[in-house]
Amino acid sequence: MSNRYLVIHMTDPSGTDVPREEDQRMLEGWLADGEAKGMLQSGAPTAPADQAKSVVVRDGRALITDGPFPEFTEWFAGYDIITAESIDDVAGLMTKHPTAIAGRVYVLPLVKLPWDEE
């Protein structure tokens with residue numbers, strides 16, 4: 001049975017810069033590998049922090065604020081939805097993605113909501 005995973009790409013100041021041509025070469029190789037294995041479902045890069053919003057509802061009142069978020073030292077660079085037999089399979093695929101060098105990658109299993117399991 002295949003499982004679905006959310007992969008979050010983060011910037012990370014401790015990462016190593018990847019020159020643009022190398023970044024593109026690595027990304028195209030990663031895409032080809034993931035597509036050949038049938039693992040990639042969807043994904044996209046995200047806009048920088050100054051184009052983001054934060055949404056919070058407290059005591060029935062919505063508080064919507066603009067980014068950037070000065071407390072963040074990392075920022076979301078993109079996401080992918082990946083299908084695989086195991087989280088280790090996804091982690092292995094992500095070692096070939098340029099974000100693993102330039103930033104940080106989080107792999108999160110997607111699960112059903114409690115009421116969807118009943």
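Which side chains are joined by a polar contact of 3.1 Å? The side chains in question are those of T99 and H9, where a polar contact is a pair of N or O atoms within 3.5 Å, of which, within protein, one must be able to donate a hydrogen and the other to accept it, and residues adjacent in sequence count only if both atoms are side-chain atoms. The model is a predicted one, in which local features need pLDDT of at least 70 and side-chain atom pairs count only at pLDDT 80 or more, while totals for chains, interfaces and linings use all residues. Residues are numbered from 1 along each chain as its sequence is written, and side-chain values use heavy atoms, with hydrogens and water left out.

The protein chain has three helices and six strands, taken as DSSP runs (helices H or I, at least four residues; strands E, at least two) and numbered from the N terminus. Their order along the sequence is β-α-β-β-β-β-α-α-β. The C-alpha trace spans about 50 × 45 × 20 Å along its principal axes. With contact meaning heavy atoms within 4.5 Å, 78% of the contacts between residues at least 6 apart in sequence join residues at least 24 apart.

Of the 118 residues, 26% count as buried; buried means under 20% relative accessible area, exposed over 50%, and partly exposed in between (1.4 Å probe, protein chains only). The accessible surface of the chain, from the Shrake-Rupley method with a 1.4 Å probe, comes to about 8300 Å², and carbon and sulfur atoms account for 55% of that surface.

Helix α2 covers residues 87-94, and its buried residues are V90, L93 and M94. Seen down the axis of α2, these residues fall within an arc of 95°, so they line one face of the helix; the arc is that of the directions from the helix axis to the C-beta atoms. Their cover includes the strands β1 (3-11), β2 (40-45), β5 (76-84) and β6 (103-109), together with the helices α1 (20-36) and α3 (99-102).

T99, the partner of H9 in the polar contact, belongs to helix α3. T99 counts as buried because its relative accessibility is 13%. Beyond its neighbours within four places in sequence, T99 is in contact with H9, M10, R104 and V105.

Helix α1, in turn, holds Q24, which counts as partly exposed at 46% relative accessibility. Q24 and P98 lie 74 residues apart in sequence, yet their C-alpha atoms are 8.4 Å apart in space.
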